[in-house]
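Try each task before reading its solution.

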Amino acid sequence: MKDLVPFIERHGAALAEAIAPGEAAEDLSLAVLRRSDRALTLRAEALGRVRLVKCFNDENTAAGFSYLAERDALRALTLSGLTPALVAFSNEHRFIAADFIVGDTLREVITPEVLETVARGIGQWLGRYCRRAPIRQASASWFS
């Protein structure tokens, strides 16, 4: 996903509809937060609504599996308060839109003085997450 113009031409209207239903696509404002071979993460805004949009590369098979895993996790946990609320998703366009959470990244806030406190907080969150996450039996190695 190196060139955004073709991506926006293909998916911009669907993104705008997911963020601000019934409004014009030209009101959509996008800012790239992260880009990889699998996905493009955007801060999207339309009519005062701000969303985090993750668009998965439709030319990358592994990205397809990542999309399904992330979509299903957010669908299962959106009402728990443990994850940002899932606002919309599109199987056709392979994107998810969730509430944008304003704040600092872990990289910005972790210092040696607060590392233990932050680690304990993350551990407590993971514990709550594990208690809420659906359990699915699986048998595989690390590489399969």
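Contact means that heavy atoms lie within 4.5 Å. This is a predicted model: local features need pLDDT of at least 70, side-chain atom pairs count only at pLDDT 80 or more, and totals for chains, interfaces and linings use all residues. Residues are numbered from 1 along each chain as its sequence is written, and side-chain values use heavy atoms, with hydrogens and water left out.

**Exercise 1. Describe the surroundings of S90.**

Solution. Start with its place: S90 sits in strand β4. Helices (H or I, at least four residues) and strands (E, at least two) are DSSP runs, numbered from the N terminus. Next, look at its burial. S90 counts as buried, at 12% relative accessibility. Buried means under 20% relative accessible area, exposed over 50%, and partly exposed in between (1.4 Å probe, protein chains only). Then list its contacts. Neighbours within four places in sequence aside, S90 touches Y67 and F95. Last, check for a polar contact. A polar atom of the S90 side chain lies 2.9 Å from the backbone nitrogen of H93. A polar contact is a pair of N or O atoms within 3.5 Å; within protein, one must be able to donate a hydrogen and the other to accept it, and residues adjacent in sequence count only if both atoms are side-chain atoms.

**Exercise 2. Check the length of helix α2, then find what its buried residues pack against.**

Solution. Helix α2 covers residues 61-77, which is 17 residues. The expected span is 1.5 Å times one less than the number of residues. Now look at its start. A side-chain oxygen of N60 comes to within 2.9 Å of the backbone nitrogen of A62. The buried residues of α2 include Y67, R71 and L77. The buried residues of α2 pack against β3 (49-56), β4 (86-90), β5 (95-99) and α4 (115-132).

**Exercise 3. Which two backbone atoms does the side chain of S80 approach?**

Solution. S80 lies in the loop between α2 and β4. Its relative accessible area is 18%, so S80 is buried. The S80 side chain reaches the backbone oxygen of L77 at 2.6 Å. A polar atom of that side chain also lies 3.0 Å from the backbone nitrogen of L82.

**Exercise 4. Trace the pairing of β3.**

Solution. Two strands pair if DSSP finds at least two bridges between them. Strand β2 (residues 39-46) pairs with β3 in the antiparallel sense over 8 bridges. Here A46 stands opposite R49. The two strands form a hairpin with 2 residues between them, and L47 in the turn has a positive phi of about 50 degrees. β3 also pairs with β5, again antiparallel, over 5 bridges. There V53 faces A97.

**Exercise 5. How many salt bridges are there?**

Solution. A salt bridge is a side-chain nitrogen of Lys or Arg within 4 Å of a carboxyl oxygen of Asp or Glu. The count comes to 5. One of them joins R43 and E45 at 3.2 Å, N to O. R43 is partly exposed at 30%, and E45 is partly exposed at 28%. Another links R71 and D72, with the closest N and O atoms 2.7 Å apart. R71 is buried at 12%, whereas D72 is partly exposed at 36%. R120 and E116 also meet, at 2.9 Å. These residues are 4 apart in helix α4, which means about one helical turn between R120 and E116. Both R120 and E116 are exposed.
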